[in-house]
Amino acid sequence: MSFHRALYAAFLRVAIAIELQYRASSVIWLLGVVVEPVIYLAVWSAAAETQGGEIGGFGPHEFAAYYLALTLVNQLTQGWHMWEFQYRVQQGQFSFLLLRPVHPIHGDLAENVAHKAVMQVVLLPMLGALAWVFEPRFAVEPWALALFLPALALAFALRFVVEWTLALACFWTTRIMAVNQTYFAVLFFLSGRVAPVALLPPGLLWAADALPFRWMIAFPVELALGRLSPAQIATGFAAQTLWLGVASLALAALWPRALRRFSAVGT
């Protein structure tokens with residue numbers, strides 16, 4: 001435990017220093033995170049107005065609450081390492097990472113956490129300004145807020161492990177942009193980013209429940225807004241735990257095979 005505390009302390013110091021060095025690029029990245037849900041908020045709010053004031057229990061103020069919470073959850077759970085793996089393999093960066101006496105996932109995890117911690121300084125005031133403009137209506141229960149943090153932690157862990165595992169495909173095919181784009185397209189529709197999951201057609205709703213994407217983003221949002229019953233909350237935590245276990249086992253099984261493949265192709 002003391003080794004891992006020292007390890008992460010060192011990784012975090014380096015990662016935070018890098019984040020502070022490239023502040024402008026981080027803010028530009030963050031603007032992209034904020035603009036997307038604001039667009040969908042405007043679209044769905046306008047649609048609700050044309051449908052008599054609400055759609056599926058969401059009016060403009062409820063949509064505002066949903067998309068503001070979604071912005072925070074999406075930023076706190078997202079990662080970018082899937083896009084970096086191809087370049088790491090092609091440019092030989094993995095050779096350096098594998099010389100370290102620790103798994104490369106630890107450095108990526110620390111970098112991810114550092115980025116999110118630094119960006120909260122900008123994101124939270126932006127969300128406050130958007131709340132002032134769009135006047136969200138929150139019907140939050142204290143018990144739902146108490147469960148939000150563990151749900152958010154599991155969502156982050158699930159999304160991080162799934163994406164890190166899928167990124168290992170670059171050891172078998174050095175161009176994985178098609179894999180990345182397919183994954184993010186499915187995530188986009190089934191995680192509640194385009195629309196609240198409750199508003200999806202029956203077929204997509206079934207897929208959202210069966211696959212891990214909803215539990216990466218939408219579930220903590222719905223929980224924070226008090227839109228889930230106790231049975232649905234229990235199902236959500238069970239789904240997060242199950243998929244995190246599956247992803248962790250897949251990562252443990254694929255990583256040694258990926259290393260052998262990496263050595264075999266001489267990259």
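I looked up Tyr183 and Phe184 and found both buried. The model is a predicted one. The ring centres of Tyr183 and Phe184 lie 4.9 Å apart with the planes at 80°, so I logged the pair as edge-to-face, the class for angles over 60 degrees.

I then checked Trp215 and Phe219. Their rings also make an edge-to-face pair, with 5.7 Å from centre to centre and 70° between the planes. Trp215 and Phe219 are both buried.

I ran the search over the whole structure, and it returned 15 aromatic pairs. I noted a cluster in which ring pairs join Trp44, Phe58, Phe63, Tyr66 and Tyr67. At Phe58 I also found a charge: the charged end of Arg227 sits over the ring, 3.7 Å from the ring centre.

Next I turned to Ala110, which belongs to helix 6 (residues 104-134). I asked which residues Ala110 contacts once neighbours within four places in sequence are left aside. The list reads Tyr8, Phe11, Leu12 and Ala15. I also took the C-alpha to C-alpha distance from Ala110 to Ala9, which is 8.6 Å across a sequence separation of 101 residues.

Val27, Leu31, Val35, Ile39 and Val43 make a nonpolar patch of about 390 Å². I placed one of them, Val35, in helix 2 (residues 23-50). Is Val35 buried, exposed or partly exposed? Its relative accessibility is 44%, so I put Val35 down as partly exposed.

Definitions and conventions. Residues are numbered from 1 along each chain as its sequence is written. This is a predicted model: local features need pLDDT of at least 70, side-chain atom pairs count only at pLDDT 80 or more; totals for chains, interfaces and linings use all residues. Side-chain values use heavy atoms; hydrogens and water are left out. Patches are made of residues with over 30% relative accessible area and no salt bridge: like charges are joined within 9 Å, nonpolar side chains (Val, Leu, Ile, Met, Phe, Trp, Tyr) within 5 Å. Accessible areas come from the Shrake-Rupley method with a 1.4 Å probe; for residues, only the protein chains shown count as cover. A salt bridge is a side-chain nitrogen of Lys or Arg within 4 Å of a carboxyl oxygen of Asp or Glu. Helices (H or I, at least four residues) and strands (E, at least two) are DSSP runs, numbered from the N terminus. Buried means under 20% relative accessible area, exposed over 50%, partly exposed in between (1.4 Å probe, protein chains only). Contact means heavy atoms within 4.5 Å. Rings of Phe, Tyr and Trp (its six-membered ring) pair if their centres lie within 6.5 Å; planes under 30 degrees apart count as stacked, over 60 as edge-to-face and the rest as tilted. A charge sits over a ring if NZ of Lys or CZ of Arg is within 6 Å of the ring centre and within 35 degrees of the ring normal.
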